[in-house]
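Trainee: I am new to this structure and would like a close look at one part of it. Could you start from a single spot and then show me what lies around it?

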Amino acid sequence: YVRAFKSRVFDPKFILPTEQFLQAYRPFAEEAVIRTSFGDLHTLIAGKGDKIIIAMHGDGPGSNNECWLPAAVRFAERGIRMLCLSMPGYGKSTGDQYSFRQSGVVILGEVIQKLQLINKPIILGRSVGGRTAISFASQYPSAVSAVILQHPVVPSDGIVSGLRGQRVLLSWAKDDGLFDNALGHATAGHP
């Protein structure tokens with residue numbers, strides 16, 4: 001379900017079924033498959049342009065690339081191409097979900113290599129996708145132009161120190177876990 005908030009207080013009457021909400025955005029994205037050694041990644045692509053955002057979801061139940069469709073449409077309207085990945089075993093992608101947590105950096109590296117991009121991409125990740133973005137940007141700082149993190153899993157302070165010198169946008173609301181718990185979802189170990 002998609003959550004709507006009024007005055008920072010959760011209001012259940014504003015919840016739309018996820019399928020109904022996403023149906024309005026699907027026509028704006030093309031589908032593609034990116035083959036990796038961990039599985040075939042179902043990819044939604046919105047927009048055209050030289051600036052590219054590669055987005056990774058989290059790893060909770062039902063996680064997949066469709067979570068980025070509303071943002072992808074907004075970026076596309078501004079001339080930015082957004083590639084929304086479903087990581088191995090999620091959504092319509094093949095492979096084992098376990099590989100996302102264990103080998104996300106390698107998977108992202110394979111994706112970037114296969115895309116043969118002219119410009120460095122912006123890497124966007126939520127939850128475990130955020131942890132993957134942090135780790136990738138720390139290990140390969142010259143391969144990315146910026147990192148956007150939405151409520152990333154940060155297992156240690158040391159992992160973040162690798163981002164020194166990178167352009168980073170962090171969205172991390174104190175109450176993210178509160179609203180997830182109100183809907184019965186786990187917080188995936190977020191601090």
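Mentor: Let's start at S127, which is buried, with a relative accessible area of 3%. Here, buried means under 20% relative accessible area, exposed means over 50%, and partly exposed is in between, using a 1.4 Å probe and protein chains only. S127 lies in the loop between β7 and α4. Its phi is near 55°, a positive value in a residue other than glycine. As a general rule, most residues other than glycine have a negative phi.

Before going further, please keep in mind that this is a predicted model, where local features need pLDDT of at least 70, side-chain atom pairs count only at pLDDT 80 or more, and totals for chains, interfaces and linings use all residues. Residues are numbered from 1 along each chain as its sequence is written, and side-chain values use heavy atoms, leaving out hydrogens and water.

Of its 191 residues, 43% are buried.

Q116 also has a positive phi, near 45°, and is not a glycine. Q116 sits in the loop between α3 and β7, directly following α3. With 68% relative accessibility, Q116 counts as exposed, whereas S127 is buried.

Even so, α3 has a kink of about 85° centred on G104. The bend at a residue is the angle between axes fitted to the seven residues ending there and the seven starting there.

The buried residues of α3 include F100, G104, L108 and I112. What covers the buried residues of this helix includes strands β3 (30–36), β4 (39–46), β5 (51–56), β6 (80–85) and β7 (122–126), along with helix α4 (128–139).

Two of those covering strands, β3 and β4, pair in the antiparallel sense over 7 bridges; pairing requires DSSP to find at least two bridges between the strands. A hairpin of 2 residues joins β3 to β4, and T36 has G39 in β4 as its bridge partner. On β4, 6 of 8 residues are buried, so the strand is mostly covered. β4 also pairs with β6, again in the antiparallel sense, over 4 bridges, and T43 stands opposite L85 in β6.

A nonpolar core is a set of buried Ala, Val, Leu, Ile, Met, Phe, Trp, Tyr and Cys residues joined through side-chain atoms within 4.5 Å. The largest such core has 28 residues, and those touching the most other members are I54, M56, L85, M87, L108, I123 and V147. The elements giving two or more residues to this core are β5, β6, α3, α4 and β8 (146–150). Helix α3 supplies its largest share, 6 residues. There is also a second, separate core of 18 residues, which includes L22, A29, L44 and L124.

Leaving aside neighbours within four places in sequence, M56 is in contact with residues including W68, L85, L108 and I123, where contact means heavy atoms within 4.5 Å. L69, found in helix α2 (residues 69–77), touches L22, Y25, R26, A29 and L44, not counting residues up to four places away in sequence. L69 counts as buried because its relative accessibility is 1%.

Finally, a word on cysteines. The structure holds 0 disulfides, a disulfide being a pair of cysteine sulfur atoms within 2.5 Å. The sulfur of C67 is 7.5 Å from its closest cysteine sulfur, in C84, which is too far for a bond. C67 is partly exposed at 45% relative accessibility, whereas C84 is buried at 1%.
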